[in-house]
Amino acid sequence: MRAVELVKAVAVLALLFASTGTKAAPLPEPQVFASDKGVLDILMVARAAPIETFPLFKPTGWVYDICPRPKDGTLACPTKPAGSNLYGGSRLALQPGDVLKVRLVNRLPKITDSEHAKEKEHAYLAFNPTNIHTHGLEVSPRFPTVDNPTYGDTVFVMTLNPANGELPPDAAVHGDVRVGYTDYQIDIPKSHPAGLYWLHPHVHGIAMNQIGAGLAAIITIGDISDYVCKNASCAAALGRMSIRHMLLKDAQITKDSTLIDQEDTEFCQKFTGPPPATPGRGFCKGINLGPHEESYVGGRWYFSLTGVPYPAIRMKNSAGEIWRITNTSSNATYNLQLFNPKQNRDMLFQVLSLDGIAVDARGGLAAAAISGGRVTAVPCPGSPSGLEHKALCARSILMMPSSRAELWVVDRDANDKVVKASAGDQAVFRTSGIKTGPSGDHWPAIDLGAVTFSAAGSAKLPQVLDVTGPSHDEIPARVAADLARANAKIGANAACKPLPAGHMRRIFYGLDASDPNFLGLGYEEVDEQGKAVPGTFLNISAFDPATPTVCVPLAAGNKPVTERWQLINLAAEDHNFHIHQMKFGVVGDPQVEHGSAATNGILVDNVPLPHTDGVCASVAAWRQGKCKAHPVRVDLPFAIAGDFVYHCHILMHEDDGMMARIRVRASP
Amino acid sequence: MRTVGLVLGAAAIAGGAAVAAFLARDAAKPVAMETASAQAATEVVPLAVVPDVPTIQAAYADAKTEAADRHFDDLTIHHADCGPIGTARFYCQISYLRTKDDGAGHLYFTVVTMERGHDRWVLKSGLCRGDDASH
C-alpha cells in the first residue's frame with residue numbers, strides 16, 4: 001500500500017493563514033491512501049483531535065486517523081506531523097475489483113451532547129460507539145462467518161471504546177457489539193462504476209453527532225479519465241486540469257471553542273428571522289435565540305472546504321479544474337453556485353457526475369429539472385453538434401446531505417463560452433442559502449471559497465467535456481454477477497415474496513404515529529390501479545432494527561430485480577431518500593408539480609423529497625386531502641442480497657427514527 | 001483462554017481501566033476458535049479462573065431456564081475473550097452461532113458480563129433477546 005502524505009508546507013501555510021485571518025489559506029487536498037496490487041489495508045482510528053484550521057478557535061473534533069495497517073497488530077497510527085488537517089478528511093483511492101480492508105478502532109471520548117443518549121434504552125450511546133458505512137458503494141452488506149470473521153458494508157454492528165465503560169444490561173443495541181476494534185473487508189466488484197463515494201459512521205441515534213464532529217472520508221473508485229474525455233483532444237485538455245477533492249463540512253463552535261455535535265440549526269438565524277444581509281466568508285455568527293433559549297453569541301458556525309473555511313482556490317491552467325465535491329455535513333443542505341462579481345451573475349459549470357455516476361444520458365438530457373430537482377439543466381454553449389444533448393450544464397446544484405457532484409469549473413465570458421482567463425478573473429464559490437420548507441431549516445448563505453482563474457496555457461480550450469459512463473441498465477446485472485458468491489451465501493427465504501407485476505411499494509415520510517416526538521417511515525403496497533393493497537399498510541413508525549419492513553427476493557439465478565417505489569413526504573419540510581447498496585433512477589410522476597422529474601437515465605443514491613403544501617400530521621390526513629404531497633417515484637434495481645437500510649440522510653431525521661430495515665434474499 | 005495470563009496479572013484492575021485487557025491484546029494473532037460442547041456444559045468441573053466458552057454456555061443455559069422467552073434455544077457460543085472488571089466480574093467479547101438463523105453461518109458478536117458465583121458463573125448482562133434488536 002502506498003500512503004501519500006500531505007505536503008507539510010501546504011498544511012503549515014494553511015494554518016498560518018487561517019490563524020492570522022489576513023489572507024485566504026489555500027484549499028488543501030485530503031490525505032490519500034491508495035490501493036496497491038488490488039488491496040488497501042488500513043488502520044482507521046476514530047479519535048478526538050484539535051481542529052487547527054478555524055480562525056480564532058481551536059476546538060476539538062473527531063477524526064479518522066488513518067495509516068497502513070501495522071503488521072505488529074498495533075492499534076494506533078504513528079503520530080502525525082503538526083498541521084496534518086485530520087479534520088479535513090482523507091481519500092481512499094481504490095480501483096474496481098479491489099479489496100478494502102479496514103480495522104476500525106474506537107478511541108472516541110464519551111459523547112455529552114447527544115439527545116438520544118438521554119433515552120433510557122439508548123443510554124449506551126453516551127459511550128460513543130461507532131461503525132462505518134461505505135456510502136454509495138455497490139458492495140455486499142454481509143455479516144461475519146466462522147470462515148471470514150470480518151464485516152462487509154453492514155450498519156448492524158457497532159464498536160465500543162472500552163475506556164468509556166461497559167455496556168449497560170438493558171441496552172437496546174441495533175446489532176453486533178464489538179469492543180475495541182472491528183475488521184471490515186469490502187470487496188469492490190470488478191464492474192463497479194468509477195466515481196466518487198464516501199465513508200462515514202452510521203450508528204443509529206448518534207450518526208449526526210459523529211459526522212457533525214468531523215468523522216468522514218471520501219472514496220474514489222477508478223479515475224476521472226475512466227468516464228471523462230475518452231477522445232484524444234478532450235483527453236489532452238483533461239491532462240492540463242487540476243483535480244480537486246472537496247469535503248463540504250460544517251461545525252458549530254461556541255465562544256469557548258467547544259464544538260457542538262448536537263447541531264442547532266438556528267445557531268445563526270432564528271427560524272422566523274430574516275436571513276443575514278451578506279454571506280459570511282466561511283462562517284456565520286452565532287446569535288442569541290432568546291431569554292430562555294441558547295445564546296451562541298461569540299461563536300461561529302463554520303462551513304469549510306476540506307476543513308478550511310473560505311480557502312483560496314487558485315487555478316493553474318486556463319483549462320480550469322475538475323471539482324469532486326462531497327457533502328459530508330450531517331444535516332446541511334447546500335445550493336452551490338459560482339458567483340462572478342464582474343458579470344454580477346452565477347457562472348455556468350458542467351456537471352460530470354452525480355453521486356458517483358457519470359452523467360451520460362445516451363438518450364439525451366431533457367433541458368428541464370432532472371435528477372430529482374438537484375440540477376436545473378442549462379444548455380452547454382458552444383458544444384459541437386450532437387454533443388450538447390449529452391452534456392449537462394447548470395448555474396447551481398442542490399446538495400442535500402450525502403450528495404456528491406463532479407463539476408468542470410472554468411472561466412467563461414458573458415455568453416457562457418469557455419474562454420482563456422484574463423488577469424484578475426475571479427469568482428466566489430458559495431452556497432446561496434436555502435430554506436427547506438415551512439417547517440424546515442434555514443441553511444445559511446455562505447461564501448465557501450475564493451476562486452482565481454488562470455491565464456496559463458496556450459492550447460485550444462474545449463467548450464464541453466465528453467462524458468462516457470457505463471451503461472446504466474447494465475450496472476445492476478454486472479454487479480450481481482460479480483457478487484454471485486456473496487449473494488448465494490446469504491441464502492433464500494421462503495417468506496420473502498416478489499412484488500406482483502404492476503404493483504409498487506409506497507413509503508411515507510412523517511411523524512411517528514404513536515409518538516410525534518419521533519420521526520418515522522410508513523409503508524403500503526399499491527396495485528396497478530393505484531389502490532393500496534389491503535393488509536399491507538404499516539403506519540409511520542420510528543426505526544425498528546429488528547423487523548424488516550420489506551423483503552425482496554432476487555430474480556431467478558440471483559439476477560437483479562427492479563421495483564418501483566413511490567416516496568411520499570407528508571411533512572412541511574423537505575426530506576431526502578437514500579438506500580444502501582444500490583443506485584436508483586428517478587422516474588416521472590404525473591402527480592409531481594415540482595422538485596422531481598425523469599432522470600433520463602441518471603442514477604443517484606439520494607433524492608430530495610419536496611415538502612407538502614398544507615399540513616398533514618398523518619397518513620389519514622393525507623388520504624383525506626388535507627395537504628398536497630409531491631410524490632417522487634424511483635426505480636430500484638436490487639442486485640445485492642443482505643440486510644440493509646433506507647432512510648432520510650438529513651441525519652437528525654435519521655437519528656430521530658426516519659429509517660427502515662430492508663431484507664434482500666437470494667432467489668428461492 | 002489466550003488472555004488468561006493478562007487478566008490474572010490484572011485481576012485487581014477495576015472498571016474502565018480493564019479496557020487494557022481488550023486494547024492490549026495482540027490483535028495480529030489469529031483468534032482461537034472454541035465451541036462449547038454439551039458435555040462441558042453439564043459436567044461438574046472446578047470453577048474456571050476466568051469465564052470461557054463452556055462456562056458462558058452453561059450460564060446462558062441457566063439464564064434460559066429462568067426466562068425462556070428472553071433467550072434463544074439455538075444459540076451456541078463460539079468464542080470468548082474476557083477481561084476483569086473487578087475481582088469477581090468479567091467483561092467478555094463473545095461470538096456465537098444460531099442454528100435456526102436464515103443467514104448462512106452468520107457469526108454474531110456481542111459482549112456479556114459474567115460474575116463468579118458460589119459454585120457457578122452467572123450471566124449478568126448480554127445475550128438477551130431484545131438486547132440485540134437487529135437479530
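Tutor: Two residues are in contact if their C-beta atoms, placed from the backbone, lie within 7 Å. By that rule A:Val155 is in contact with A:Asn131, A:His133, A:His202 and A:Val645, leaving aside its neighbours within four places in sequence. This is a predicted model, in which local features need pLDDT of at least 70 and side-chain atom pairs count only at pLDDT 80 or more, while totals for chains, interfaces and linings use all residues. Residues are numbered from 1 along each chain as its sequence is written, and chains are lettered from A and ligands numbered from 1 in the order in which they are written.

Student: What makes A:Val155 buried?

Tutor: A residue is buried if 20 or more other C-beta atoms lie within 10 Å of its own, exposed if 12 or fewer, and partly exposed in between, with C-beta atoms placed from the backbone. A:Val155 has 26 other C-beta atoms within 10 Å, so it is buried. This residue lies in the loop between β7 (133-135) and β8 (157-160) of chain A. A:His202 is 47 residues apart from A:Val155 along the chain, and their C-alpha atoms are separated by 6.1 Å.

Student: Why are stretches of the chain called helices or strands?

Tutor: The names follow from DSSP runs: H or I over at least four residues gives a helix, and E over at least two gives a strand, numbered from the N terminus. Chain B has four helices and four strands, which follow the pattern α-α-α-α-β-β-β-β along the sequence.

Student: Why do the buried residues of α4(A) line one face of the helix?

Tutor: Helix α4 of chain A covers residues 475-482, and its buried residues are A:Ile475, A:Pro476, A:Val479, A:Ala480 and A:Asp482. Seen down the helix axis, they fall within an arc of 160 degrees, so they line one face. The arc is that of the directions from the helix axis to the C-beta atoms. An α-helix has 3.6 residues a turn, so residues three or four places apart point the same way. The cover over the buried residues of α4(A) includes α5 (484-490) and β45 (632-638) of chain A.

Student: What makes the end-to-end span of α4(B) agree with its length?

Tutor: The expected span is 1.5 Å times one less than the number of residues. For the 14 residues of helix α4 of chain B (53-66) that should be 20 Å, and the end C-alpha atoms are 20 Å apart, which agrees. Among the buried residues of α4(B) are B:Val53, B:Ile56 and B:Tyr60.

Student: Why is β3(B) described as largely enclosed?

Tutor: Seven of the nine residues of strand β3 of chain B (108-116) are buried, so the rest of the structure largely encloses it.

Student: Which strands pair with β3(B), and how do you know?

Tutor: Two strands pair if DSSP finds at least two bridges between them. Strand β2 of chain B (89-98) pairs with β3(B) in the antiparallel sense over eight bridges, and B:Cys92 stands opposite B:Val112 in β3(B). Strand β4 of chain B (121-125) and β3(B) pair in the antiparallel sense over four bridges, with B:Val122 in β4(B) as the bridge partner of B:Glu115. β3(B) and β4(B) form a hairpin with four residues between them.

Student: What makes β4 and β10 of chain A edge strands?

Tutor: Four strands of chain A form an open sheet in the order β4-β3-β6-β10, with mixed pairing. β4 (60-68) and β10 (181-187) each have a single partner strand, so one side of each is left without a neighbour in the sheet. Inside this sheet, β6 (99-107) and β10(A) pair in the antiparallel sense over seven bridges, and A:Val105 stands opposite A:Tyr181 in β10(A).

Student: Which strands stand at the edges of the five-strand sheet of chain A?

Tutor: That open sheet has the order β37-β47-β46-β39-β42, and its pairing is mixed. Its edge strands are β37 (550-553) and β42 (606-609), each of which pairs on one side only. β39 (575-579) and β46 (642-647) of chain A pair in the antiparallel sense over two bridges, and A:His578 stands opposite A:His647 in β46(A).

Student: What is the confidence in chain B?

Tutor: pLDDT is the predictor's confidence in each residue, from 0 to 100. Chain B has a mean pLDDT of 70, and 59% of its residues reach 70 or more. Over residues 1-45 of chain B pLDDT stays under 50. Where pLDDT is low, the predicted coordinates should not be read in detail. The model scores ipTM 0.88 and pTM 0.90.
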